[in-house]
Amino acid sequence: QMASKHHSHLASLSLEEEQLTCQKCHKPFEDPRVLPCLHIMCKACIESLLRGGEGGVCCPRCETAIPTTQDDLNNLPMAFLVANIIDVKETLKRGGEVCKSCDSTGTAVAFCTSCTSFLCIDCYNNHRLMKGLKRHKVVDIKELDPCHLSAKMVEPVCSKHTSGKLELYCCSCESLICYECAFFEHRLPQHQVKQMKDCVTPFKEAVCKAVSSLVQDVKA
């Protein structure tokens with residue numbers, strides 16, 4: 001019955017809306033968190049289930065029972081891509097963005113994908129005239145779409161140290177960490193820590209290999 005209720009609601013949504021909508025509150029995600037089953041819920045929705053005294057969370061998509069304490073909840077990774085897409089859509093809907101490249105409060109007339117910043121008319125002209133900025137890709141505000149704004153990403157922040165950016169990867173724990181985590185909790189020799197950028201290529205190759213293997217299995 002629970003599954004049919006959610007499937008009925010999903011049927012009324014477009015594919016894009018479905019991917020950006022929490023299946024518990026049926027609203028656009030707020031502070032979306034990734035569950036161990038890889039589905040996403042609003043953090044507040046997970047907290048409401050915990051307050052219900054059920055001792056765990058049932059994923060509204062796959063109905064998998066996921067035992068989650070308040071400590072576990074605080075460590076659930078944020079769904080940054082989903083959060084960014086929602087932010088982008090709100091930005092485009094709202095319009096009237098203010099320039100983020102200077103101290104003026106002038107209305108933005110363009111967006112620089114290289115600076116990931118909105119530009120007023122003066123900053124826009126500077127981008128056209130200054131040698132160091134001529135190669136930047138600038139898009140007219142009227143032609144903006146989520147593809148152009150996808151670079152305007154929210155940087156992942158550590159759930160334990162809110163001032164720390166997740167710039168490191170602990171190979172021993174298989175988790176993203178900040179510099180404070182590395183100093184206090186992930187120290188050598190028990191933990192092997194690398195710069196996140198140095199881990200991207202091996203992970204990308206592993207994912208491509210896994211996808212290729214799945215494709216071959218499907219064809220077989």
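Mentor: Helices (H or I, at least four residues) and strands (E, at least two) are DSSP runs, numbered from the N terminus. This is a predicted model, where local features need pLDDT of at least 70, side-chain atom pairs count only at pLDDT 80 or more, and totals for chains, interfaces and linings use all residues. Residues are numbered from 1 along each chain as its sequence is written, and side-chain values use heavy atoms, with hydrogens and water left out.

Trainee: Okay, which strand gives the largest share of the lining of the largest pocket?

Mentor: That's β9, with 3 residues. By class, the lining has 12 nonpolar, 4 polar and 4 charged residues. Here Ala, Val, Leu, Ile, Met, Phe, Trp, Tyr, Cys and Pro count as nonpolar, Asp, Glu, Lys and Arg as charged, and the others, Gly among them, as polar.

Trainee: What makes β8 and β10 a pair?

Mentor: Two strands pair if DSSP finds at least two bridges between them. β8 (residues 168–170) and β10 have 3 bridges, in the antiparallel sense, so they pass that test.

Trainee: Why is leucine 38 called exposed?

Mentor: Exposed means over 50% relative accessible area, buried under 20%, and partly exposed in between (1.4 Å probe, protein chains only). Leucine 38 has 67%, so it counts as exposed.

Trainee: And why is histidine 26 called partly exposed?

Mentor: Histidine 26 has a relative accessible area of 29%, so it falls in between those cut-offs. Histidine 26 also has a positive phi of about 60° although it is not a glycine.
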